[in-house]
Amino acid sequence: MSATTLAELPVGSEAIVQAMPTGRSALTRLREMGIVPGTRVRVTRRAPLGEPIEISVRGSCLSMRNHEAAHIIISAVGA
Amino acid sequence: MNENWQSIAAIAVVLITVVLFAVRAARRRKKPGCGGSCGCGK
Amino acid sequence: MSNVASDIPLIAIVGNPNSGKTTLFNLLTGLKQKVANYPGVTVEKKIGECYSQHGKKLRLIDLPGAYSLNARSPDEAVLRDVLLGRRPETPRPDRVVCVVDSANLERNLYLVSQVLELGLPAILVLNMVDVAEKREWRIDAAKLSELLGIPVIKTQAVTGRGLIELKLALSRDDLPATKWRSAVIPDGVRTALEQSRGPLCETGAIHAKASLLEPLYLLSGHDPTHYGIEDSQMGRVHELRRSIDGAFPGWEDELVSARYRSIEELCAEVLRRPDQEIETITTKLDRIFLHPVLGFVNLVFVFALLGYLIFSVAAAPMDWIDGWFGQLGAWVESLMPPGDLRDLIVNGVISGVGGVVIFLPQIVILFLFIGLMEDTGYMSRLAFIMDWLMSKVGLNGKSFLPFLSSYACAVPGVMAARTIESPKDRLVTILIAPLASCSARLPVYTLLIGLLFPAKPLTQGLLMMGLYALGTGAAFVFAWIFSKGIMKGDSSPMILEMPPYKRPSLKSILLLVWQRAKAFLVRAGSIILGISILIWAASTYPKTDTEDKSLQLANSFAGQAGHFIEPVIKPLGYDWKIGIGLIGSFAAREVFNTTLGVVYAVESGDDDNLDPLREKLAAERRADGRPVFTPLVCLSLLVFYVFAMQCISTIAIVRRETGTWKWPLVQLGYMTGTAYVLSLLIYQVGSALGY
């Protein structure tokens, strides 16, 4: 189970958030929207050019850029 | 005779309008914001 | 609004965006609501009234939707400030109704946990229960109520389900505050916050009696507007923030995690979810709407449809309004003897105001459409599709909303750019915002397109959308140019929520359309009225002693102004009368129609007031007999209006938001310059080709 980032998670897979850098304003907002270490997320789709990506978390759908997703370290779970 | 009072009345209306606009512009300097005048609701 | 505590309780409605909070508010208050502005920001203040089950009057305030009290935008700042009682003109609410999207319970509870901590008596509303039920989510409302210690009511705002229970709960005299504590602030941080209270008080940010929570939100917030704190004091606030961050790195983020832990514990007891997520209509529809190819095709189709509707469906009511104004003019004429005042009323006011009011049906259709797209949730799909394009030109998704608002009016769009953290992105967004064809351009487009393609609504619609596309495309091109040219800076992130598709609340949308229509009419009745009078005056004075109306017009202030700029606009195909229209547009773009309406009415004198403006323009001839408004000229004018920077209000707001005259002048230069060059090209090349 290799640790990778949300930006690399393939479409359709689920993962658990392991860690996120603290003190970054954008990431704080993502945390407030439910993505904190320990949360389960799933990548629903990616836009044609690779971003933005849409993920499903805690029952809602959020979209974000790879720029942010690259900071979220996750470990994939068998779907 | 009718022409005369109409001409005066017309000029009066125009002057009043100018004054109202000037007052409005001065007030807008103090209280900034869109003022909701665009019909967009913001 | 009086600050005196009245015995009419003030109840705040709060919740996430897309929680259906506003639909609920509309349902409770109906037409008994007043929309205003919070002073100093472009945030709508909505207060309404409703009656409790016992017939007692209640005042409801619909606070802006937010994800957290850690404000990042003017909207969220207003929510925070009203709930903390920091807004002098808005009294602190007596009670709070927290509206929650049941199918999104955990995330919604985040804001709820913050709000409940403030200690106000509260009611929790589990809205959109139908969506939760479709996903087979089971929420034990009774248990939740017991754990939170406050009433919990299930509702479906769109159908009115649960409304009576809500009203009953609102009527209770003995509404409790919650006993649930979601996040314990660690001692060290708590002490630091307490210590910061003194200094914050000195900066004027809070007053001495503030609770611990105020420093918490003011120091951990990222509020770009920093309401209540003067610019000069911000240095102190930043210092305090840095010292806490230094002593306790990551304390903000840890607090967020702590809250979610409590929320998860709570939900474990009241929420049952199926193991596999049920496929809903949303996931099915999104396969089409967010499909790489189909999604985009659909987007184009949606906009083409809008364009078509604006021309075909609006046509009949527009003719009716036109006729009505014409008859009004004829009636006044029959009542009064000839003279200046009659002239002012008929050819100035009625002609001018009528020229703008006629577009009411189009405005209605536009906002109906926008309301539908927002309410169903399709709008966020639009943002998703457009985002990759925006990032390619160096904009970011946060620019989307200000840019989108600019299609209604650039002024709030420019102000909304405050939410963009990166100065570079913010500046670029402000610079290109006026390229989004604002609603004031709509009357001008319609008039000229109508001249180009009379009675062909489909072609008209397509051309209309083409103009919008032109403006949008130009905005992207210039955004790219500016991004490359101006200072390098970090791009701000874009985080967007895509709510499930839902059945739109027609009542809510109609209410919104009504509010916009009313604002439009008020503007017409006041500002446009005033401008019509002034334009009439400019076209009538100074008076020349002659029977020839054209000469009279040519010698007036307006005529002289038009002649003055004529050499400059002649290469574009315009004459001095159009010149008058262009000058007038600096006040407001739609004044172009007003101006032409007045100019041609004044010119024609007492007869033909019943002819619609379009016919008069079509019949207009130059000195050599050629028509003035040839298709080529119309096209040139249209393109001019897409690009030209007019509208003093926009210039003023850009000056205010950027703090200097440099940027408004840059805008004036690049936009009007482009307008001139393109119109020139079109006219000259077109003429050379024989059109």
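Reader: What should I know before we start?

Author: This is a predicted model in which local features need pLDDT of at least 70, side-chain atom pairs count only at pLDDT 80 or more, and totals for chains, interfaces and linings use all residues. Residues are numbered from 1 along each chain as its sequence is written, chains are lettered from A and ligands numbered from 1 in the order in which they are written, and side-chain values use heavy atoms, with hydrogens and water left out.

Reader: Why is A:Thr4 called buried?

Author: Buried means under 20% relative accessible area, exposed means over 50%, and partly exposed lies in between (1.4 Å probe, protein chains only). A:Thr4 has a relative accessible area of 18%, so A:Thr4 is buried.

Reader: Where is A:Thr4, and what is A:Thr4 in contact with, leaving aside neighbours within four places in sequence?

Author: You can find A:Thr4 in strand S1 (residues 3-5) of chain A; helices (H or I, at least four residues) and strands (E, at least two) are DSSP runs, numbered from the N terminus. Contact means heavy atoms within 4.5 Å. Leaving aside neighbours within four places in sequence, A:Thr4 is in contact with A:Ile72, A:Ile73 and A:Ile74.

Reader: Is C:Arg236 buried, partly exposed or exposed, and which helix holds C:Arg236?

Author: C:Arg236 sits in helix H9 (residues 234-247) of chain C. Its relative accessible area is 30%, so C:Arg236 counts as partly exposed.

Reader: And why is C:Leu689 called exposed?

Author: C:Leu689 reaches 64% relative accessibility, therefore C:Leu689 counts as exposed. You will find C:Leu689 in the segment after helix H29 (662-688) of chain C. Together with C:Val677, C:Leu681, C:Val685 and C:Tyr691, C:Leu689 forms a nonpolar patch on the surface, with about 570 Å² of accessible area. Patches are made of residues with over 30% relative accessible area and no salt bridge, where like charges are joined within 9 Å and nonpolar side chains (Val, Leu, Ile, Met, Phe, Trp, Tyr) within 5 Å. Accessible areas come from the Shrake-Rupley method with a 1.4 Å probe, and for residues only the protein chains shown count as cover.

Reader: How do you know that C:Asp253 forms a salt bridge with A:Arg31?

Author: A salt bridge is a side-chain nitrogen of Lys or Arg within 4 Å of a carboxyl oxygen of Asp or Glu. The closest N and O atoms of C:Asp253 and A:Arg31 are 3.6 Å apart, so the pair meets that limit. Between chain C and chain A the count is four salt bridges.

Reader: How many residues of chain C are in contact with chain A, and what is the area buried?

Author: In chain C, 42 residues are in contact with 33 residues of chain A. The area buried between these chains is about 3300 Å², and carbon and sulfur atoms give 53% of this. Buried area is the accessible area (1.4 Å probe) that two parts lose on being put together, summed over both.
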